[in-house]
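Let's take a walk through a protein model together, from its charged pairs to its helices. Please have the sequence and the 3D view open as you read.

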Amino acid sequence: LPQHLPVQEEYMPPVRLRVLDTRGFGYRPQVGQACVRDLGRYCCQPHGEGQPHGSGNPLPGPGGQGNWATEATRATHATSPPHPAPHQAVEEDEEEEEEEEDEDEDDWWNKFYAAMGDKAKSQRRTNRDRLKIYHCELEALPEFGGLQDFCQTFPLYQPGGHPAAGDDPVGEFKGLFCVYPLPEDPGVPPPPRRFQELPPSQPQKCLVRVYIVRAFDLSPRDRNGLCDPYVRVSLGTKTLGQRDQYVPNTLEPVFGRLFEVTGTIPLEKDLRVSLLDYDLLPPDQEIGTTTIDLENRLLSRFRAHCGLPTLYCTWLPPSQALEHFARGRGLPAPEFSAEGTAVTFGDNTFLLSHFESGPPTYQHPGAPRERLALHVLHACHLVPEHLETRTLYNSTQPGLEQGKVQMWVDIFPANLGPPGPPVDITPRKPQRYELRCVVWNTRDVDLRDINLLGQHMSDIYVTGWLDGLEEQRQRTDIHYRSLQGDGAFNWRFVFSFQYLAMEQLCVLPQKEHFWSLDETVLKVPPKLILQVWDNDKFSADDFLGALELELTKLPQPARDPQTCTLTPQGTPQWPWLWWGAQVPPRLSLFRQRRVRGWWPCTVQEGDKWRLSVSGYVDGGGQGRWGTDPMSLSHTPPQGKLELSLELLTAKEAEERPAGKGREDPNMYPTLPAPLRPEWSFLWLQTPLRVLRHGLWQRYRRRLSLGLALLLLLAFLFTFIYAAPGYLAMKMVNPLEGLRPAGGGKP
């Protein structure tokens, strides 16, 4: 449209847009209007001779869109000499670090947590397949021009007067302006017109995949300060999302949901993603909503409809994507060499050696042609494989943030063929494991009791549970009258738990209160806690020592109780020898699956922990040691537990059943009754055995001599007591008078 405009941009009149509704009898009422000011930002230079149509850049920004191939060359040569490569640092990392885990076990969440910088939840040893996380909306990033490089959105307001600040628009107008000068000489032919290479104007049927990863900083909706959010996605008249798929009692839910919906763009262009709070009695409260313009993403030349992956794993071959990109920019189709190691794009030639210093070491790298096309597309600064963070707003509280949701959207036009399989972002599900801990023996634990004979002793038993699962607490039987701190048990503990292997955490679903409707999921490290106690009948039991073993970082056990100390095996004995010494590595029970040995017990005194030592006697609040307690690591090791730990999956535990303690089925391994000393018994049940083992075995010589003297004294007393009467009877002889008179014969 030729117009005479002032040379100075500030004097250019605004452009008024009016939308009319054509009705019968020539009636055309106005339904909306917009006023476009500041036409200076739409000014550009006309196409030069030989410059392809549609390559102009009507929007301000670094570089023109017609020079994308030149920018790709500049980006390639500006990376690092002599062979610049955007992924050179990644390949160097691959050469320095060898992956220990199989790539087939890698999931999408590893990539996500690696991009978040959470190394505890990401087990990846390479940064090869990267994920870009944007902390705002994709259209808010300045490098992508608001995704309005093809067409801009102008809000339409009610006709009549100027719109106020708080007025809501009645519609939108999408278009683009380009103002460029014409030659003053009428004999000079006008320059080529703009907007010659346009996409088809017919509506396109597309498949839209919406990936909802997680949300955070949500506004609470329940009385407990939390909410039960679930996702609802709507496009046009289609709505997806179910009420029963909510995440209970959280303000930072992890959804991992995929929604697939078909729509016709631009007839159905506004994608609404809403988060609602589940209530027992509907209606549910809306937490917040975000709206995404799918038309801008589909028409943007930044290829925002589907992010470019780092590796060749895309639904559309990169060579075809590069051809579509060139066609949209008005450039000739790229020409590849026969080997696929070189491509001519625009006026430049790119080599695969510019991007890769050597052959790829990862699995399924793809053909050289596809890898080169993918490298060129990345050098053109297109939208990469990403995750955007969108802000949620509520219509009842306009302008106030209600939280954020991390997600991304893929749009697949039907004319490009069927898309590939979707990305699996299902949240990690824990696996059930069974831990079997056999307590074999104890050595040199504290002796806290004193029996009637003045001997130090303890009635030892061991309790155990997993951290967070106190309801599974188990205990052994009691080893009575341990005189040296030794105990024999042969007792099996069996613990069942759910474990996330990727995050190395135990999952503990539990209700906070008995009236709670849903369970709250907690995640804690897998830790086995064992405690040694002294059993008392008429008072509280005495605590003798504790042992905490984290199953993913088990210290190396000792082979015998003599070498069992608090310091790890192999650590230098003196502090000045620690320089340059290597600490023995810890082992993971989830990899080794079975381990047996001796571990030291500890007991807390004040703010310090010490080894549970049987030579330590508490008398009047003072400690008495056989050696210096400050040099405890150099003393003979005391206070130990002999354990065997075995970890089984749910299937293995079903195939190899084992009972608790020594109950049936007593297998894997079979636990015999412990061999305990004869004096190991409860004195209330057998008091005579107490006298036998407490007095006779210790004082049998004295008791024998005393018993002999007692018998001798009893005999002497009996003799002295009976001798006078016996002598008197002999002297008086009272039986003589009882004889008949005339005792002679007749």
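A word on the ground rules comes first. This is a predicted model, in which local features need pLDDT of at least 70 and side-chain atom pairs count only at pLDDT 80 or more, while totals for chains, interfaces and linings use all residues. Residues are numbered from 1 along each chain as its sequence is written, and side-chain values use heavy atoms, with hydrogens and water left out.

Let's begin with charge. Side chains of opposite charge can pair when their charged atoms come close. Here a salt bridge means a side-chain nitrogen of Lys or Arg within 4 Å of a carboxyl oxygen of Asp or Glu, and the structure holds 29 of these salt bridges. Helices (H or I, at least four residues) and strands (E, at least two) are DSSP runs, numbered from the N terminus.

Glu-139 also forms a salt bridge with Arg-390, at 2.8 Å from N to O. Because Arg-390 belongs to strand β15 (residues 386-394) and Glu-139 to the loop between β3 and β4, the pair ties together parts that are 251 residues apart in sequence. How covered are these side chains? We call a residue buried under 20% relative accessible area, exposed over 50%, and partly exposed in between (1.4 Å probe, protein chains only). Arg-297 is buried at 1% and Arg-390 is buried at 2%, whereas Glu-139 is partly exposed at 29%.

Another pair to look up is Lys-269 and Asp-270, whose closest N and O atoms are 2.8 Å apart in a salt bridge. Lys-269 is buried at 15% relative accessibility, and Asp-270 is partly exposed at 36%. Both belong to a network of salt bridges that also links Glu-172, Lys-174, Asp-293 and Glu-295.

Now turn to helix α5 (residues 318-329). The buried residues of α5 include Leu-322, Phe-325 and Arg-329. Seen down the axis, the buried residues of α5 fall within an arc of 160°, so they line one face of the helix; the arc is that of the directions from the helix axis to the C-beta atoms. An α-helix has 3.6 residues a turn, so residues three or four places apart point the same way. After α5 comes Gly-330, with a positive phi near 75°.

Nine of its 12 residues are buried, so α6 is largely enclosed by the rest of the structure. Among the buried residues of α6 is His-375, whose side chain makes a polar contact with that of Glu-356 at 3.1 Å. A polar contact is a pair of N or O atoms within 3.5 Å; within protein, one must be able to donate a hydrogen and the other to accept it, and residues adjacent in sequence count only if both atoms are side-chain atoms. Glu-356 lies in the loop between β14 (348-351) and α6 and is buried at 9%.

Finally, look at the exposed Phe-715 in helix α9 (residues 687-732).
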